[in-house]
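Hi there,

Here is the structure I promised to pass on. Have a look at it first, and my notes follow below.

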Amino acid sequence: MEYKKIEDLDTFTLKEAISAYGSGVLPFWREAVYKKPYKLESRRYIGCKAKLIDWIFGLIEAETEDVETFCDIFAGTGSVSNRAVNLYKHVIINDFLYSNNIIYKAFFAVGDWNEDKIFDLLDAFNNIDVDSIKDNYFSINYGNKYFDMSSAKLIGHIRDVIEDIKSTLTEKEYCILIASLIYSMDRIANTLGHFEAYIKKEIKPRKFIMRLIDVRSIEGVTIYKEDANELARQVHTDIVYLDPPYNSRQYSRFYHVYEVLVKWNKPELKGDARKPAEENMSDYCRTKAFNAFTDLVANIDAKYIVVSYNNTYKSKSSSSENKIKLEQIEDVLNKCGTTKVYTHKHQAFNAGKTEFDDHKEYLFITKVDNEKRNSSFSTILCGR
Ligand SMILES: C[S@@+](CC[C@H](N)C(=O)[O-])C[C@H]1O[C@@H](n2cnc3c(N)ncnc32)[C@H](O)[C@@H]1O
């Protein structure tokens with residue numbers, strides 16, 4: 001059998017491939033499935049800047065000089081950091097979500113991992129007979145909601161196994177397995193790209209195949225899981241890039257299923273959406289957003305501040321209304337230096353409710369003048 005010629009081998013589960021072509025197919029199935037790893041930006045995430053990266057960095061590179069360090073302080077998927085690591089000596093990646101943090105460690109952190117060991121584990125996960133496993137925390141809560149029942153059982157079982165074998169894994173291997181699970185789940189989730197709600201139609205069984213993410217180990221990357229305003233007080237970098245949430249959509253609520261999956265302390269979940277108790281609720285999604293933004297900018301110690309902003313506040317849905325206005329961003333940035341503003345037409349994430357007329361993406365680049373900044377923010381900074 002010439003396995004190499006089998007079309008779409010990567011769309012077969014391991015069981016399907018073996019039952020169709022025999023056990024000799026295994027190395028070829030591995031090659032097809034694991035050697036096409038998930039790229040960092042291939043996950044659905046609200047506000048991901050992947051499509052704007054060339055535009056953002058074209059401007060940053062034109063407007064800044066002598067840059068060695070870059071801080072992505074609301075990193076989300078890490079799409080901006082993913083470009084920054086190719087350009088700068090030192091990159092700080094931060095987000096307060098557990099799931100984002102483990103994903104950064106899997107994609108970027110320096111750490112030992114054994115590819116054969118990971119492939120063997122993925123083979124074992126991909127070869128599980130779903131009928132042989134019991135209902136579990138994940139399937140009981142999310143089965144027939146965010147995932148079809150068989151996939152939910154598999155996901156919960158795999159997550160339990162990863163926890164059981166944790167002592168046999170390096171930290172990098174543990175993060176790689178969980179990040180790979182998240183990226184593989186995203187492909188089959190019965191959602192519009194977040195877990196605020198699931199699609200209320202019968203879910204057709206979906207094929208759950210666990211693939212590897214595109215693992216790298218990058219010297220010069222430092223990963224944090226902190227509140228951005230706290231971290232700003234601790235770090236000095238040449239560029240700080242700010243891309244906070246601008247409306248009331250809390251990321252910890254949108255991605256609660258991944259947060260539960262990563263923490264795996266199996267909390268009680270409530271309501272039809274099966275959400276855990278609130279954690280990591282952002283001030284940037286509340287009426288105090290402007291105060292939080294002012295405090296952040298005042299406390300940043302950097303040569304350049306770069307801010308992404310989009311004008312969804314004219315939208316009809318109140319959850320999409322911006323908590324900070326464009327003029328307020330401009331005012332605060334002007335207090336600490338000279339600012340240039342750029343715009344780009346862009347289609348934002350839209351779950352169906354919001355109409356974006358003339359939706360624009362803005363990029364502010366401020367060259368910081370420390371004297372101006374210190375005198376403008378003297379009340380906030382006194383005692384620093
Ligand atoms: C608009 S998204 C960033 C998207 C990112 N630039 C990308 O390309 O994927 C905003 C991120 O800020 C995080 N966040 C919100 N408030 C935060 C805070 N106070 N401290 C740290 N992270 C925060 C959210 O978890 C979310 O991932």
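Let me begin with a pair of residues: D72 has Y241 in β4 as its bridge partner. The strands here are DSSP runs of E with at least two residues, numbered from the N terminus.

Before going further, please note that this is a predicted model, in which local features need pLDDT of at least 70, side-chain atom pairs count only at pLDDT 80 or more, and totals for chains, interfaces and linings use all residues. Residue numbers start from 1 along each chain as its sequence is written.

Strand β1 (residues 69-72) pairs with β4 in the parallel sense, over 3 bridges; two strands pair if DSSP finds at least two bridges between them. β4 also pairs with strand β5 (residues 301-310), again parallel, over 6 bridges, and there V240 sits opposite I305 in β5.

Strand β4 (residues 236-242) is mostly covered, with 5 of its 7 residues buried. Buried means that 20 or more other C-beta atoms, placed from the backbone, lie within 10 Å of the residue's own. E361, in strand β7 (residues 360-368), counts as buried because it has 20 C-beta neighbours inside 10 Å.

Now to the ligand. Of the 22 residues around the ligand, G47, F74, G76, T77 and S282 come nearest; a residue is near if its C-beta atom, placed from the backbone, lies within 6 Å. Domain 2 (50-108 + 220-248 + 287-381) and domain 3 (111-216 + 250-285) each give at least three residues to this shell, with domain bounds from an automatic or database domain assignment.

Best wishes

Key. Helix = DSSP H or I, 4+ residues; strand = E, 2+ residues; numbered from the N terminus. Buried ≥ 20, exposed ≤ 12 C-beta atoms within 10 Å, placed from the backbone.
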